[in-house]
Amino acid sequence: MRLRTVSATALCTATVLAAVGMVPASATPATAPAATAAAGAPKGPDFDGDGYTDLAVAAYTATAGGVARAGAVAVTYGSAAGIGKEKASVVSAASEGVPGDPVANDKWGQIQAHGDLDHDGYDDLVIRSQSLANSDRAVVLWGAATGLAGGTVLDLGTPSDTVPVLRSIRIADVDGDGRDDILGSAYRGLDPAKRTWGFGTLRGPFTRDGRPAGVRYRETSVTEGLANLNAVADMTGDGLPDILTVGHLPTGKSAFRVYRNTRTGFALTPGAQELPSKPGFVVPTAAGDFNGDGYEDVAGAPTWSYTNPYGQVYIAYGGPAGLSTTLKPRVIHEDTPGVPGSRDHVDRWGEALAAGDIDKDGYADLVVGAPWKDATDAAGKEILRPGSVTVLRGSANGLTGTGARTITQYTAGVPSSNERLDHFGTAVSVTDGNKDGYGEVYVGGDGEDSFKGRVWKLPGTASGVTGAGATSFGLADLGGPAGGAYFGSGLTG
């Protein structure tokens, strides 16, 4: 299955809609084939088609075309030596072939999704900015042998009673025809008070002027009382991406539901799994086979707020019927046995998530960013929000706190040191850049160096993630402009 979703962060995840009441489902799932092999090495975008994974990094306040705080996205390309700064490009609205012009404070370059939209063998990158999001549009940056080159405005729909408008964006081969599609939460209707909500699909391949091969819409707000698309993953193990939603039971508690992919649409599967506590919205998310049974699982973290201040991660396990019948939803936080540190309400533990097999044991691991985590220096003085990342290791029992490890800029081998407002962990990604089977962990810290921003590469080993041999780079290292760029505010994964 070709399923490409972005490791979400608070800055690059798409909008998730409020869930409403939950009702019984009538759809009956088809029988899933036997579970296949456990999680393999993580994969990411290949923009230049050389077989090696590349990495795109958001720098949404970078100077572009002489316009301050216009925004850009940088791409580092993979090779046999892995992803490095030796081959890189910086793309903005000022770049040749990219539509539009730089606009001050537009935050251009917010990473949304990646996939081969025009079916030419090169992955493409979908980005947004504030002005694009306000107009229900995005920009596709096209892949080529030389890397990302040129772009097209992608219309995600104009409000009408017949055509859906997509708000959240994932890229996956939804209908199993070998061509990538765009899938997302969507609405239909001119009158905001009478709109219906559900799931929209823009079918690939796309033309170079941004037109899809077709459009589909599945209404869910009225028929099932569900209106949110929280994650896309092959939870049923049939090679097609399914949809995980979070809704509210009549008791007021939250529960997971799954829409199974039938190739021609999505059918709500029977049953719901109640979460141990009410999480509100579950954003960001990351998908991987954490227990190695051949069915993808999903981790999600509630959006941080002053009414929901404590970081935590919820895990929904996949199975033949959508949700596992043997592993119930699990909640992990910093007070879970084995997880380093302690739970503090300002940590934002879980604000960034990424999944992939870091230690090459066949189980996907989960990287959890906590960009507001405080630290204490050698003299005992508190440092405000330098940030951290924690890796939860997969196993036959799924994700637990056992063997968890937290990495900061104080960890041996990690370049730089904890400083005020570094926000190490703003974005995270797990990528096997040199195809050795071990996933490297990339960490964005958009506050580093007075908000110039920086990205760290943490090697993966048989014993897990390590700081030994870690490297880092900033936007200027890739040929981009100096100055405050919030580089590392978003990453592909």
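The structure is a predicted model, in which local features need pLDDT of at least 70, side-chain atom pairs count only at pLDDT 80 or more, and totals for chains, interfaces and linings use all residues. Residues are numbered from 1 along each chain as its sequence is written, and side-chain values use heavy atoms, with hydrogens and water left out.

The secondary structure of the protein chain consists of 2 helices and 37 strands. Helices (H or I, at least four residues) and strands (E, at least two) are DSSP runs, numbered from the N terminus. The radius of gyration is 21 Å, close to the 23 Å that the globule rule gives for 493 residues, so the chain is as compact as a globular protein of that length. That radius is taken over C-alpha atoms, and the globule rule is 2.2 Å times the number of residues to the power 0.38. The C-alpha trace spans about 60 × 50 × 40 Å along its principal axes.

Of the 493 residues in the protein chain, 59% are buried. Buried means under 20% relative accessible area, exposed over 50%, and partly exposed in between (1.4 Å probe, protein chains only). The chain exposes about 17,500 Å². Carbon and sulfur atoms supply 52% of that area. Accessible areas come from the Shrake-Rupley method with a 1.4 Å probe; for residues, only the protein chains shown count as cover. Among contacts (heavy atoms within 4.5 Å) with a separation of 6 or more, 56% join residues 24 or more positions apart.

Strands pair if DSSP finds at least two bridges between them. S19 is joined to strand S20 (residues 297-302) by 5 bridges, and the two run antiparallel. Gly288 stands opposite Asp297 in S20.

Another open sheet has 4 strands in the order S31-S32-S33-S36, and its pairing is antiparallel. Its edges are strand S31 (424-431) and strand S36 (471-473). Each edge strand has a single partner, so one side of each lacks a neighbour in the sheet. Neighbouring strands are turned by 20 degrees against each other on average, direction ignored. S31 and strand S32 (residues 440-445) pair in the antiparallel sense over 6 bridges. Val428 has Val443 in S32 as its bridge partner.

Strand S25 (residues 352-356) has 5 of its 5 residues buried, so it is largely enclosed by the rest of the structure. Ala352, Ala354 and Gly356 point one way from S25. Leu353 and Ala355 point the other way. S25 is joined to strand S26 (residues 365-370) by 5 bridges, and these strands run antiparallel. Ala352 stands opposite Gly369 in S26.

The loop between S25 and S26 contains Lys360. Lys360 is partly exposed, with a relative accessible area of 47%. Its phi is near 60 degrees, a positive value in a residue other than glycine. Arg263 lies in the loop between strand S16 (254-261) and S17. Phi of Arg263 is near 75 degrees, also positive in a residue other than glycine. Arg263 counts as partly exposed at 42% relative accessibility. Most residues other than glycine have a negative phi, and most peptide bonds are trans. The peptide bond from Gly204 to Pro205 is cis, with omega near 5 degrees. Pro205 is found in the loop between strand S12 (196-203) and strand S13 (214-219).

The loop between strand S17 (266-268) and strand S18 (273-274) holds Thr269. Thr269 counts as buried, at 3% relative accessibility. The side chain of Thr269 reaches the backbone oxygen of Val258 at 2.9 Å. Gly271 is found in the loop between S17 and S18. Gly271 is partly exposed, with a relative accessible area of 45%. The C-alpha atoms of Gly271 and Val258 are separated by 8.7 Å, and the two residues are 13 apart along the chain.

Key: A polar contact is a pair of N or O atoms within 3.5 Å; within protein, one must be able to donate a hydrogen and the other to accept it, and residues adjacent in sequence count only if both atoms are side-chain atoms. Axes are lines fitted to C-alpha atoms, for helices over the stretch in contact, and angles run from 0 to 180 degrees between N-to-C directions.
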